[in-house]
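Look over the model first, then read the points below.

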Amino acid sequence: LGECEDVDECQQAQQSSDGLVAVWRLAADGTDYSGYEQHMVDSVLDFRRADGGAPFLDGYAVFNSEGHDYAKVVDFNPRMNPSGEFSVEFWWKPIGPRVSFMTVLSLAYLGDEDAFLLTDGFNSLNCLPNVFLGAESDCSFGRCGVYTGPKTDTCAVDKTWHHVAFSKTANPNPVRKFYYDGQLIQTWSDGADELFIRGGTLVLGQDQDGVGGGSSPSRAFRGYLTEVRWWSVSRTQAQIQG
């Protein structure tokens, strides 16, 4: 670690070149492969080796149909720089059955349980994933603002592997982009977001109505998930496709 005075300073310097904060491959456990040791604890998830249809070499985590599975990091450190940039990427295969929307990822803080929430396409205008950034700034594909869409599920679970990526550029006028299988699907901007700080709880597979808890099985992810990555930079389409 050279001549850095503390571990956090050294780690920040090490990751500054590419902005990679965490890598959870979920091939056999919740190990973080970024070097920052933000390992996940889970609900005794089932892990499987990659099958012939999977676009990656390792395995994946199975979030079962009962809606109680999760993996989480307490005291998550997003290592966000002052500009507020970040990106999230993962591979998923939704299986269902869907009861309500299925939560893939949620980040919660005391007083802000929806700091960052990424769900499947339930109630979506075009059946693609939704993202919510803070209770006062709900955004998803094709719209921003408080959700007023239909209350019935019209989106099928296709049971196919897809790559999902979300990126946000710097404040005070950030641009948010959503990519599906490497293709830019939606771009929007509606003002600056809060800066994520250390101390929140990051959960895969469940929403949070209280920090680290209050989850509802009806809103749990049911399917396969792997190669979840968090970055402290806004990734470009070329980087995402690479």
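Buried means under 20% relative accessible area, exposed means over 50%, and partly exposed lies in between (1.4 Å probe, protein chains only). Helices (H or I, at least four residues) and strands (E, at least two) are DSSP runs, numbered from the N terminus. Eight of the nine residues of strand 6 are buried, so this strand is largely enclosed by the rest of the structure.

This is a predicted model, in which local features need pLDDT of at least 70, side-chain atom pairs count only at pLDDT 80 or more, and totals for chains, interfaces and linings use all residues. Residues are numbered from 1 along each chain as its sequence is written, and side-chain values use heavy atoms, with hydrogens and water left out.

**Pairing of strand 6**

- Two strands pair if DSSP finds at least two bridges between them.
- Strand 6 covers residues 86-94, and strand 12 covers 162-168.
- Strand 6 runs antiparallel to strand 12, with seven bridges joining them.
- In this pairing, Phe-86 sits opposite Lys-168 of strand 12.
- Strand 6 is also joined to strand 16 by seven bridges, again in the antiparallel sense.
- Here Val-88 has Trp-230 of strand 16 as its bridge partner.

**Pairing of strand 5**

- Strand 5 (residues 71-76) pairs with strand 2 (residues 41-42) over two bridges, and the sense is antiparallel.
- Val-41 has Lys-72 of strand 5 as its bridge partner.
- Strand 5 also runs antiparallel to strand 15 (residues 200-204), through four bridges.
- Ala-71 faces Leu-204 of strand 15.

- Most residues other than glycine have a negative phi, and most peptide bonds are trans.
- The Gly-96 to Pro-97 peptide bond is cis, with omega near 5°.
- Pro-97 belongs to the loop between strand 6 and strand 7 (103-109).
- The Asn-171 to Pro-172 peptide bond is cis, with omega near 10°.
- Pro-172 belongs to the loop between strand 12 and strand 13 (176-180).
- Val-44 is not a glycine, yet its phi is positive, near 60°.
- Val-44 lies in the loop between strand 2 and strand 3 (46-48), and is exposed at 73% relative accessible area.
- Glu-227 is not a glycine either, and its phi is positive at about 50°.
- Glu-227 is in strand 16 (residues 223-231), and is buried at 13% relative accessible area.
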